[in-house]
Amino acid sequence: MSEKQTISRRQFVAGTSGLVLGAAMHGGAAKAAETPRSPATSPAAKKKSDLAIHGGKPAVTHSASLGRRWGDPERRQLDAMLQQDTLFYWGGPQTKLLIERFQQVCPVKYVQTCSSGTAAIHIAVAAAGIGPGDEVITSPVTDIGTVIGVLYQQAVPVFADLAPCTYNLDVEDVRRKITPKTKAIIAVHLTGNPCDLDALKALADQHKLILIEDCAQAWGARYRGRPIGTVGHFGCFSLQNSKHVTCGDGGVVGSSHEEFGPLLQPFGDKGAFRTARREGGGFRRFATNYRMSEPQAAVAAAQLTRLEAIAAKRARLGNLLSEKIAHIPGIRPHEVHPQDRAVYWFYMFRIRPEAFRISRDDFARVLRAEGVPAAAGYIHSCLYGEPVFREHGFFAGRWPVREFGLTQMDYSKVKCPEAEAILATGIRVTIHEGMSEEYILDVAKAIEKVAKHFAV
Ligand SMILES: *Cc1c(COP(=O)(O)O)cnc(C)c1O
């Protein structure tokens, strides 16, 4: 039985609307683990087992009603939007409101709304003047949108390894990857857990690099009390449907940098400056059309009124889960700095494989049978392991910067051992603001039950 038949991958990751997690999942997931040779189903294991997968009572007894994601605030904003005689972003009241509310969440001087998180990052990369052959160091465990803009600017993503339990950039490995061609670092706050921004900023300053924060999963997160997206030269956010605030598809990019900030608008809008005549007329920059229209802005502006409650609740639930599973032998909880606020776009713990008589995949299946919204790993492989990277086939099967000798990068030879280990031993658990603390306590109990049962 595939994941899809119980709850889709996106829903697992994000915990979207209208889902009821709990009892409904047991039957299907139980069948999934009954594969030959699985220790979970060997006759010996079956005898004195209270696991749900063997017919025992599931550990998760509370259900989580994830509720509706939009309602009156969005309806009011959409109604106001329909009174307008233009739905274009420039000068649009909804876009203005979205920018104003964004600046309350992420207080930066210059803001451009755009069509996606991918677009937000591409705009930042272009505004930073990153171009052919420039190297940009980033995480191999992220949405591919982190590097799409880098590749489109003909720059070269360089993958650095990750810290074992924050799943964020290992600053020492970033340092090792710096070359004379390095222009920028993209710090991905994976799952909404802040990267070590002070260390990355110090490293960037030391080498005169630009620091771009990929905050796509990090709406509402805080780094040492500071709003996410304000430490780097750029903060890039996604409003895609799976993120915890959304307008279906959309993005926002912000900067307080006096040179780069004014370039966000033209790089999101065909290279055309719509502001002052400071750049004179005509097209002085080249860019694609990444505009967001007023309907998206209306929904996004309304969604931001919900953000603080969503972020605070997710932070509390994720931290609670860590607290409750930290003592379990063989389990490595999601690591968050005590002074940071992580918003757990999803929660991920790791297992120490040598501590269990069961594979990671089976561990996740047995957990699902206990009623936990769990799944094995995150993305299918590190980005450099994807066929388009291994084959360097970015532009009609070719990669000009490599053909022209601007880079020797060979993605088929890249290895980030810790990142690969994270994907091989991680178990993802949905966190959602609609869940109760009791539900999370059940989840923790389920993890302990399964860990105990299969302990070596
Ligand atoms: C979702 C996401 C993106 C891309 O955002 P889109 O709006 O889907 O283009 C980039 N980086 C990370 C970390 C993401 O989670």
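Predicted model: local features only at pLDDT ≥ 70, side-chain atom pairs only at ≥ 80, totals over all residues.
1. Ground rules. Residues are numbered from 1 along each chain as its sequence is written, and side-chain values use heavy atoms, leaving out hydrogens and water. Local features need pLDDT of at least 70, side-chain atom pairs count only at pLDDT 80 or more, and totals for chains, interfaces and linings use all residues.

2. Helix α14. Helices (H or I, at least four residues) and strands (E, at least two) are DSSP runs, numbered from the N terminus. Helix α14 spans residues 360-369 and is largely enclosed by the rest of the structure, because eight of its 10 residues are buried (under 20% relative accessible area, 1.4 Å probe, protein chains only). Buried here are R360, D362, F363, A364, V366, L367, R368 and A369. G371 follows α14, with a positive phi near 100 degrees.

3. Helices α5 and α12. Residues 72-82 (α5) pack on residues 294-304 (α12) at about 150 degrees, axes 8 Å apart. Axes are lines fitted to C-alpha atoms over the stretch in contact, and angles run from 0 to 180 degrees between N-to-C directions. P73, E74, Q77, L78 and M81 of α5 meet E294, P295, A298, V299, A302 and Q303 of α12 (heavy atoms within 4.5 Å). By class, this contact has seven nonpolar, two polar and two charged residues. Nonpolar means Ala, Val, Leu, Ile, Met, Phe, Trp, Tyr, Cys and Pro; charged means Asp, Glu, Lys and Arg; the others, Gly among them, are polar.

4. Strand β3. Five of the five residues in β3 (residues 110-114) are buried. Y110, Q112 and C114 cover one side, V111 and T113 the other. In a regular strand, side chains alternate between the two faces of the sheet.

5. Pairing. β3 runs antiparallel to β11 (residues 251-255) over five bridges; pairing takes at least two DSSP bridges. V111 has G254 as its bridge partner in β11.

How values were computed. Buried < 20%, exposed > 50% of the residue type's maximum accessible area, 1.4 Å probe, protein only.
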